[in-house]
Amino acid sequence: MDPEAVRKYSALHAKPDGLVLQYGTAGFRTKAERLDHVMFRMGLLAVLRSKQTKSTIGVMVTASHNPEEDNGVKLVDPLGEMLAPSWEEHATCLANAEERDVWRVLMDISEKAAVNLQQEAFVVIGRDTRPSSERLSQSVIDGVTVLGGQFHDYGLLTTPQLHYMVYCRNSSGRYGEATVDGYYQKLSTAFVELTKQAFCGGNEYRSLKVDCANGVGALKLREMEPYFSQGLSVQLFNDGTKGKLNHLCGADFVKSHQRPPQGMEMKSSERCCSFDGDADRIVYYYSDTDGHFHLIDGDKIATLISSFLKELLVEIGESLNIGVVQTAYANGSSTRYLEEVMKVPVYCTKTGVKHLHHKAQEFDVGVYFEANGHGTVLFSKAAEMKIKQLAKELEDKKRKAAQMLANVIDLFNQAAGDAISDMLVIEAILALKGLTVQEWDALYTDLPNRQLKVKVADRQVISTTDAERQAVTPPGLQEAINDLVKKYKLSRAFVRPSGTEDVVRVYAEADSQVLGICY
């Protein structure tokens with residue numbers, strides 16, 4: 001490690017004056033032209049993290065569902081997970097350091113984290129399809145190489161694929177082969193095996209329209225389709241051949257605007273879904289015979305998947321600990337359906353996928369999806385080993401159920417969310433249960449709800465507890481909310497300060513929208 005070389009290269013990736021950025025759940029995100037220094041420094045940090053963990057670390061260049069002119073970067077930890085919170089702090093400190101202080105901050109991080117600077121380092125890099133991503137990836141590579149780290153540049157990947165690559169490399173191939181083809185093979189084999197059990201006739205449930213947000217998911221899904229085409233036919237829209245990334249399309253647009261993406265023709269009762277720009281979110285939707293749009297968001301995805309898993313666990317007679325993790329934004333009808341009908345325990349955490357992911361790890365089988373469609377299923381190592389052993393030992397119907405569970409395990413990526421693997425699991429479950437998209441939607445009816453944000457001078461005047469569902473300050477606020485809520489059936493409301501803007505977010509739901517509880 002040569003301090004002069006670091007200073008020389010850092011000067012070539014200089015930080016704009018006065019720019020301050022925060023590493024959050026989504027890493028760093030801002031306008032692409034402001035990120036060159038951040039990318040270089042995250043290359044440096046990835047080397048230190050690799051040395052400290054003695055593992056491969058991932059760096060993904062993406063801004064997910066943000067507009068095309070934005071970009072961002074996130075680091076991937078050894079088990080394919082999000083960066084550890086203590087290293088989020090290191091990332092923020094390093095990104096905001098003045099030019100003259102970069103080397104000192106690197107040494108401070110090395111000391112605090114007990115990094116062995118003689119340890120070898122290896123970093124893998126992926127990027128999305130934004131025009132700025134290739135250039136910014138090169139800045140990451142500059143940071144890796146100037147500290148003597150080795151790297152492999154995968155080029156264009158979905159974010160979940162990079163998570164997959166990292167985990168494969170750190171599990172000595174036990175999780176899978178650390179190549180794009182290995183990813184395709186693993187997921188497709190599990191999907192094809194799972195759908196062999198389907199009892200539905202013909203192809204009525206096996207055709208799907210996919211809005212790819214003009215992002216990298218289109219490239220990868222098109223490459224992957226031949227691997228699973230015997231079980232599912234996909235028709236791609238907003239595939240990047242025309243149109244801007246995430247513009248009037250993609251999961252975030254569909255969820256926010258409650259309408260189909262531009263560029264997709266929907267016929268009555270056709271199953272459709274949308275990815276976001278880096279393919280780590282998915283939402284489903286359809287149009288009924290009257291032309292009304294129906295969104296199937298993360299709550300109903302979690303309900304479908306957890307119900308299916310619970311049924312299989314009951315079938316094989318295993319009392320594995322299954323739990324569904326939600327945030328305060330989950331529709332109350334989904335919570336009641338899971339707890340009262342399916343008898344699946346539900347837990348609530350603070351907003352942010354890292355909080356859901358952490359809580360889900362406490363269960364043998366942890367299911368979480370944010371309402372925006374970002375989520376996955378986590379199986380503990382003990383549960384995975386138990387299920388795969390039962391798939392070999394049990395007989396007849398129980399063995400079939402255990403084998404189906406084993407296939408589901410192989411379908412789920414270790415990433416915090418993978419639109420492609422989620423899509424394949426959903427399609428398999430619908431086929432196996434013989435459900436139409438309307439029947440899935442009808443499992444329960446969402447309570448009418450509203451979300452809004454109120455501009456304030458200082459959002460910090462509001463503090464919360466109970467997974468952000470109860471306001472602690474200012475005094476009297478929660479009491480005022482309680483007085484409003486008790487006037488209506490099946491009603492609840494909460495307020496919470498935004499984590500990124502000077503706004504307060506307000507959510508309310510009740511059994512009717514004739515008289516709102518939020519003014």
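Predicted model: local features only at pLDDT ≥ 70, side-chain atom pairs only at ≥ 80, totals over all residues.
Me: Happy with that! Which side chain meets Arg104 in a salt bridge?

Reply: A salt bridge here is a side-chain nitrogen of Lys or Arg within 4 Å of a carboxyl oxygen of Asp or Glu. Side chains of opposite charge can pair when their charged atoms come close. For Arg104, the N to O distance is 4.0 Å, and the partner is Asp101.

Me: How many salt bridges does a search of the whole structure find?

Reply: The pair Arg104 and Asp101 is one example. A search of the whole structure gives a total of 29.

Me: Which helix holds both Lys220 and Glu223?

Reply: These two form a salt bridge, with their closest N and O atoms 3.7 Å apart. Lys220 is buried at 6% relative accessibility, whereas Glu223 is partly exposed at 40%. Helices (H or I, at least four residues) and strands (E, at least two) are DSSP runs, numbered from the N terminus. Because the two residues are three apart in the helix, about one helical turn separates them, and that helix, residues 216–228, is H8.

Me: How many residues apart in sequence are the parts that Lys386 and Glu318 tie together?

Reply: The side chains of Lys386 and Glu318 form a salt bridge at 4.0 Å, N to O. Lys386 lies in helix H13 (residues 381–393) and Glu318 in the loop between helix H10 (298–316) and strand E11 (322–327), so the separation in sequence is 68 residues.

Me: And Ser64: buried or exposed?

Reply: UniProt places an "active site" feature at Ser64 in an unreviewed entry; its positions follow the numbering used here, feature names are shortened, and annotations may be inferred rather than shown by experiment. Ser64 sits in the loop between strand E2 (56–61) and strand E3 (70–76). Its contacts (heavy atoms within 4.5 Å) include Arg29, Asp128 and Asn246, not counting residues up to four places away in sequence. With a relative accessibility of 2%, Ser64 counts as buried.

Methods:
Residues numbered from 1 in each chain as written. Heavy atoms only, no water. Buried < 20%, exposed > 50% of the residue type's maximum accessible area, 1.4 Å probe, protein only.
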